[in-house]
Every structure is written in structure tokens, then in C-alpha cells.
Amino acid sequence: MWRVKAGHEDEFVRLWRAGVADLARQLPHASFRLWRDPRDTLRFQSVGGPVESEDALDTIRGSESFRAAMDALEETLESVEVGALELVEEIA
């Protein structure tokens with residue numbers, strides 16, 4: 001979950017896209033989505049996956065490219081909450 005500083009929304013989306021491009025190369029079978037709350041346009045949520053394991057996710061989060069992407073985003077953010085979710089059920 002991301003809370004973006006007012007006036008930095010477009011820059012945030014651009015930097016998120018650039019960071020995810022690198023993740024997509026590391027996780028070729030994953031998909032990534034960025035959602036924005038229409039009632040609170042400074043609030044975004046990104047969802048990506050699947051990731052093969054928690055260890056793989058830890059490796060990616062520890063990588064230089066992930067840290068660089070997070071550092072680049074930092075200037076646009078008021079707050080960020082990074083976590084991992086486990087799919088419980090899906091209805092398609």
C-alpha cells in the first residue's frame with residue numbers, strides 16, 4: 001500500500017513502472033498491477049505475483065535493483081507498507 005505526496009502521482013506511477021519492469025525480468029511468469037483509490041487519489045496499491053516461494057521473494061527484496069527502485073520512489077511517498085499476501089481463494 002502506497003500513500004503518495006500530493007502533486008507526485010504521475011512521477012510515482014512512472015517510477016513504479018520502471019521498478020516493476022526490472023521485477024518482471026526476474027519473475028517472467030508474474031503479473032503486476034497498480035491500483036489507485038478513486039476516492040483517495042493519493043492512495044495506491046500494487047499487487048504482483050505469483051512468486052514461487054517466500055525465499056524467492058526475500059531474495060528479490062534484498063537485491064540491489066529492488067532497493068534502488070524503492071529508493072527512487074521514496075521521494076514521492078508519504079508512507080509505504082510492503083508485505084506479502086497468500087492467496088486463500090479465487091473465483092474466476
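Biologist: What share of the 92 residues in the chain is buried?

Modeller: Buried means under 20% relative accessible area, exposed over 50%, and partly exposed in between, with a 1.4 Å probe and protein chains only. In this chain, buried residues make up 28% of the 92 residues. The model is predicted: local features need pLDDT of at least 70, side-chain atom pairs count only at pLDDT 80 or more, and totals for chains, interfaces and linings use all residues. Residues are numbered from 1 along each chain as its sequence is written, and side-chain values use heavy atoms, leaving out hydrogens and water.

Biologist: How many helices and strands are there in the chain?

Modeller: Helices (H or I, at least four residues) and strands (E, at least two) are DSSP runs, numbered from the N terminus. Here there are 3 helices and 4 strands. Along the sequence, their pattern is β-α-β-β-α-α-β.

Biologist: Which residues of helix H2 are buried?

Modeller: In H2, residues 54-61, the buried ones are Ala56, Leu57 and Ile60. An arc is that of the directions from the helix axis to the C-beta atoms. These three cover an arc of only 100° around the axis, which puts them on the same side of H2. Asp55 and Thr59, on the other side of H2, are exposed.

Biologist: What covers the buried residues of H2?

Modeller: Contact means heavy atoms within 4.5 Å. The cover includes helix H1 (9-26) and helix H3 (64-74).

Biologist: Among contacts between residues at least 6 apart in sequence, how many join residues at least 24 apart?

Modeller: In this chain, 61% of such contacts do.
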